[in-house]
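Open the model in your viewer and keep the selection tool ready.

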Amino acid sequence: MLLGAPIVFWAGDVVIIGAGIVGLTAALYLKQRRPTWRVVVLERGLLPSGASTKNAGFACFGSISELIEQEKRGDLQAVVSARCAGLARLRELVGDAELDYQPVGGYELFRHEEEALATECLAKIDYFNELLAPVMGHARTFSDASSEGDCFGFAGVGTLLKNECEGSLDAGRMMRALLARVWAVDVPVLTSCSVEAMEATAGGGSRVHLSNGVGIAAGQVLVATNAFAAELLPNLGVVPGRGQVLVTEPLPDVRLPGTFHYDHGYAYFRQLPDQRLLLGGGRNLDFAAEATTVPGLTEPVQHYLEQLLHDVILPGQQPRIDYRWSGVMGFGAELAPLIDWVKPGVLAAVRCNGMGVAMGAGTGWQAAEKLAHG
């Protein structure tokens, strides 16, 4: 049964719900394949406000401790290949200069009390180097960099592993560039457009109902809202995971070149170009509490992050915390994103499993291919 007769103020070929990396790259790739199609992107925030704009700026594909766990869930070589391909697509679409992409490499640190895990990861270096050599294009992605630990000034860290193939980028500049490119190919991005429902129409297309009573009609709909997908499509099995972040005052005397992972990748940090330190993570302290799409900060997670900052990363220092925020990721049982038709004329491209920067552009490309072929 139709939901009523809303005022239809736009009608075209494709409506994309969500102006994050997946939605915007899907729009760009779709216009390459179907330049005459009318496409619109809807974003419920005043600006894109999901994990695409609130991530830590890691151009990464997984630390060794993460890869050990992820290999238990599927074809790891294929997953890492998809992540690397997605990063390559993003860099090609936007350009390294506009991304402020920096091939700085990454590190995973282990405290003395985590010696058992460190030993397991050290023993896996050669295995993962061999497994990923065809993907990465060279023989040694990972190495033991424990001798570099003193250079960073960490306290209580016994083992440090290096990943030569990681990088960092500026998430804000990335999104600004993607938005500019989408507008340039005549795809409007309409903000403050909260979608309440979708329905099939008698003519074979779809109608999207906005919270203000306005409707948008199109032949096809792409749902690219990742962690928020369950609000429109509750049976997809996508579970939200909130990540909390803090950012310090500028620290001109600190030198931390690279991206850093800790605690199976559940904590992460890097120094920003303005010399501030960004530190995030901690959802593993209480998975149930952080399985929410509600933005916010919790005392246990913020305390954990500050303790890690004061005790390990910057021992003996108490830098001022200038900013705090949270972003919501989407997770599922499978490591690969879900890119599939879920209703007639409705395609979902969601479930990036905390790897949206790496998987977003590749997911957008795959979604555009499916939409282009109907």
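Start with the second largest pocket, which has a volume of about 650 Å³. A pocket here is an open set of points on a 1 Å grid over the protein atoms alone, where a 1.4 Å probe fits, with protein on both sides within 12 Å along at least five of seven lines; lining residues have an atom within 4 Å of a point. Grid points are joined across faces, edges and corners, and the volume is the space filled by probe spheres set on the points.

This is a predicted model: local features need pLDDT of at least 70, side-chain atom pairs count only at pLDDT 80 or more, and totals for chains, interfaces and linings use all residues. Residues are numbered from 1 along each chain as its sequence is written, and side-chain values use heavy atoms, without hydrogens and water.

Select Leu-169, Asp-170, Arg-270, Leu-272 and Pro-273. Of the 30 lining residues, these lie nearest the pocket's centre.

Next, select Arg-276 and Asp-322. They form a salt bridge, with the closest N and O atoms 2.6 Å apart. The term means a side-chain nitrogen of Lys or Arg within 4 Å of a carboxyl oxygen of Asp or Glu. Arg-276 is buried at 14% relative accessible area, whereas Asp-274 is partly exposed at 39%. Buried means under 20%, exposed over 50%, partly exposed in between (1.4 Å probe, protein chains only).

Last, select Thr-141. This residue is buried, at 0%. Its contacts (heavy atoms within 4.5 Å) beyond four places in sequence include Phe-61 and Cys-165.
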